[in-house]
Every structure is written in structure tokens, then in C-alpha cells.
Amino acid sequence: MKKEFLIIVLAVSFFGCNSHKNTNVHTHDGEAYHTHDDEVSNKVSNYFEAYSLKDESYGTKTEVTISGNERIMITNSLPNHETGAFPNQGNPNTISAQNITYTFPLNPKYTGNAQWMREPGVALNGVKFEPGTAEVVECETGENYRVEAIQNVIDLGLDFNHAHVQPTGAYHYHGSPTSIISKFDTGEDLVHIGFAHDGFPMYYSKSGKYKPSYKLLNGNRDGEDCTYTARKTIDISVGGHHDGTYGSDYEYVDSSGDLDECNGTTIDGKYIYLVTEEFPYISRCVMGEVSQQEQQGPPRGEQQGNGQGERPNTAELIKQMDANKDGKLSKTEAKGPLKQDFSKIDTNSDGFISKEELEKGANGNGKRPQGGRAQR
């Protein structure tokens with residue numbers, strides 16, 4: 001009886017894995033190795049093993065091998081799913097194949113120290129996750145606000161996968177990648193969709209049960225005469241409450257949600273990252289050891305959580321306001337609260353603010369007025 005049962009199980013396993021078009025399983029350097037050419041095969045695969053994902057319909061070519069203590073992904077970064085139309089009104093770029101090799105630790109090491117990353121990870125299909133943007137609203141009073149991809153003020157041409165295209169042709173996700181969530185769904189609540197650069201896996205919860213620990217700040221933003229420049233310059237009002245248009249609208253509140261500051265958590269003793277429908281959408285940092293230091297993002301506090309936007313340094317601030325280019329600011333050149341605090345900052349009372357005076361500030365604590373604004 002046991003022998004008959006074993007034969008049935010083996011038969012079901014064989015036909016279940018080979019009844020789809022061009023799908024097979026073999027070994028590669030001693031590791032289980034999968035080849036996937038259609039949607040159904042994606043749903044039954046273990047992407048912690050070596051695999052090859054190819055889709056002629058979309059041109060996708062992603063090869064993942066296991067070598068020693070490394071997971072190596074060679075990919076052309078073409079998505080294995082439908083996308084929006086590119087170029088479009090908000091995004092003038094066309095999707096094109098890339099030639100990229102990613103290396104992930106096979107046995108990630110958790111440190112608990114958040115390291116901010118511009119590109120925290122890569123989807124299983126070889127398309128990168130890049131939650132932040134390069135779009136900045138600049139104010140004449142010195143404030144610089146980094147625009148979020150998912151917002152309603154500036155059209156960045158995102159498609160239904162919360163993705164768009166860089167000038168290089170690289171398609172990339174800024175939020176939950178709708179189509180790959182569907183393609184890699186195995187029926188469980190947690191859908192494995194990628195790997196972070198520290199080696200820990202990235203998941204999406206279909207139930208949304210894991211909540212981030214970021215909150216919108218109270219109060220209003222500051223900034224006068226603000227503009228955004230892409231193909232043309234447009235006036236932008238940054239005034240009003242913190243509504244999520246900019247990364248600095250948010251602050252991390254420890255334990256206010258289920259996830260840590262890198263949108264990660266430990267489930268059944270294993271650390272993972274969650275891609276969520278709420279900010280930060282995709283982790284802006286990693287909690288494990290990483291070797292791609294070149295991808296490290298801005299220091300904590302500059303990208304989010306300060307409520308006041310990103311700040312130019314003193315040299316940049318003077319350059320922005322120095323109309324006659326003499327390297328210092330007169331009272332007529334100073335703007336906003338910097339103008340209001342002019343006499344305090346002009347410590348030698350010569351009628352000008354120098355770089356040194358701006359760095360020292362005039363509030364008695366040695367801090368310079370940030371972005372031309374009085375300290376609060």
C-alpha cells in the first residue's frame with residue numbers, strides 16, 4: 001500500500017511540474033534549478049533556489065545561480081508582465097534591456113543597524129526596486145523638498161505597477177508591483193517578490209496585515225517661491241499640512257506599527273522585508289550587512305522625518321540668494337526668515353552675512369539657520 005501511494009505522489013509531482021509549456025526542473029552545480037516560461041510555472045516555484053526566468057512575450061531574461069555563499073542574478077531587467085505605455089505625458093522614456101549582474105548574500109547577517117539605500121533590492125524578475133525619486137522642489141528661501149513617486153501634485157508617469165522608466169531605459173518599481181504580485185502568488189498571504197541587497201527576502205502581504213511605523217507629521221511646511229523643473233519649470237506651493245507629497249512629510253515612530261524603520265519584521269524566526277501600500281511602500285534601508293556601499297542613500301533625517309525638507313549646505317544657500325555673486329548676502333538679497341533674522345546672523349554688523357556667520361548662526365547654540373529659516 002505504501003509503495004502504491006509513493007508511486008501516485010511521484011506521478012502527481014512529475015505531471016504537476018511538467019504539464020506546462022517549456023517548464024522543467026533539473027540540477028545546476030548540485031542545486032535544484034527551475035526554468036519558467038509561463039505564468040502557471042511561476043506560481044509553484046521555489047525562488048530561493050537557482051532558477052531561470054524567460055518570457056519571450058516580454059523579452060525577459062533572468063538567470064539566478066547559487067555559487068558558494070552567493071546568490072548571483074544575471075538579468076536584462078525587462079519585466080515579465082504588462083506595463084503602462086511608455087513614453088507618456090509624465091515620463092518621456094522608453095523601456096529597454098539592461099545588462100546587470102546582482103550578487104546577494106546567500107546567508108544574510110542581520111545587524112539591526114539601518115543603512116539607507118537608494119536601491120534596496122531587486123524583484124525576482126530582475127527589475128529593481130527604487131522607492132525614492134530624483135525629483136526636487138526648490139524654494140528661494142532655501143528649502144528643498146524631495147518629491148515622492150506616489151503623490152498627486154506632480155505627474156511622474158507611473159503605471160499600474162507603480163513603476164516607470166529612467167532615461168537609461170531601466171524600468172523600476174516605486175511601490176507595490178501589482179503584476180509580479182499576481183504572477184508569483186502561490187495562494188499564501190505572503191507573496192515572495194524579491195531579495196534585498198543584504199540577502200533577506202522581500203514579500204508582499206495580500207491582506208495588508210503588517211503596518212509600517214511611519215506617520216505624517218503635524219503642522220505645516222515652510223517655503224516661499226518654490227518651483228519644480230523637469231522639461232519646464234512650474235510653480236509649486238509647498239505650504240499646507242504634511243500630506244505625503246514629500247518624503248520629509250513623514251517621521252518614523254518606533255513600534256507604532258508592525259514593521260521596523262526598514263519596513264521589516266521577523267516571522268517564524270526569519271527576518272523579511274514587506275512591500276506595503278502605505279509609506280515607505282518599499283524599504284528605504286536595509287538591516288543586514290551589504291557590500292553595495294555605492295548604493296547607500298542619504299543619511300537618516302535628510303530623506304524623511306524632519307518635516308522641513310532637505311537642506312542645501314551654506315555654500316549652496318549663499319549661491320541661491322547671492323544676486324551680485326560677491327560671495328555674501330546683503331539684506332536685500334536674503335529671503336524669508338533668513339531676512340527676518342538678518343541682524344542676529346550678521347554678528348559683525350557690517351551689513352552682510354558671510355558663509356562663516358551663516359554656519360555659526362545667531363541663535364546662541366552654534367547651529368546655522370537651516371535653509372534660511374529660524375530654528376525651532
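1. Let's start with what lines the second largest cavity: by class, four nonpolar, three polar and one charged residues. For these classes, Ala, Val, Leu, Ile, Met, Phe, Trp, Tyr, Cys and Pro count as nonpolar, Asp, Glu, Lys and Arg as charged, and the others, Gly among them, as polar. The residues in question are Ser 77, Gln 98, Ile 100, Tyr 102, Gly 126, Lys 128, Ala 170 and Tyr 171. Bear in mind that this is a predicted model, where local features need pLDDT of at least 70 and side-chain atom pairs count only at pLDDT 80 or more, while totals for chains, interfaces and linings use all residues. Residues are numbered from 1 along each chain as its sequence is written, and side-chain values use heavy atoms, with hydrogens and water left out.

2. That cavity has a volume of about 40 Å³, and a search of the whole structure turns up two cavities of 30 Å³ or more. On a 1 Å grid over the protein atoms alone, a cavity is a set of points where a 1.4 Å probe fits but cannot get out, whereas a pocket is an open set with protein on both sides within 12 Å along at least five of seven lines; lining residues have an atom within 4 Å of a point. Points are joined across faces, edges and corners, and the volume is the space filled by probe spheres set on them.

3. Now for the second largest pocket, which holds about 560 Å³ of space. Its lining takes in 24 residues, and Phe 48, His 192, Pro 201, Tyr 203 and Ile 272 lie nearest its centre. β14 (190–196), β15 (201–205) and β21 (270–275) are the elements that give two or more residues to this lining. Split by class, the pocket lining has 14 nonpolar, six polar and four charged residues.

4. Lys 128, from the cavity lining, also forms a salt bridge with Glu 119 (3.1 Å, N to O). The term means a side-chain nitrogen of Lys or Arg within 4 Å of a carboxyl oxygen of Asp or Glu, and the count comes to nine. Glu 119 and Lys 128 are both buried, buried being under 20% relative accessible area, exposed over 50%, and partly exposed in between (1.4 Å probe, protein chains only).

5. What else does Glu 119 pair with? Its side chain meets Arg 118 in a salt bridge (2.9 Å, N to O). Arg 118 counts as partly exposed because its relative accessibility is 42%, while Glu 119 is at 8%.

6. Arg 118 also bridges to Glu 130 (3.2 Å, N to O). This pair links distant parts of the chain, 12 residues apart: Glu 130 is in the loop between β9 (128–129) and β10 (136–139), and Arg 118 in the loop between β7 (110–116) and β8 (121–123). Glu 130 has a relative accessible area of 9%, so it is buried. Through shared partners, the salt bridges join Arg 118, Glu 119, Lys 128 and Glu 130 into one network.

7. Have a look at His 172 too, in strand β13 (residues 171–173). It counts as buried because its relative accessibility is 2%. Leaving out residues up to four places away in sequence, His 172 touches Val 127, Lys 128, Glu 130, His 162, Ala 163, His 164, Val 165 and Gln 166, where contact means heavy atoms within 4.5 Å.

8. Finally, the overall picture. The protein has seven helices and 24 strands, taken as DSSP runs numbered from the N terminus (helices: H or I, at least four residues; strands: E, at least two). Of its 376 residues, 48% count as buried.
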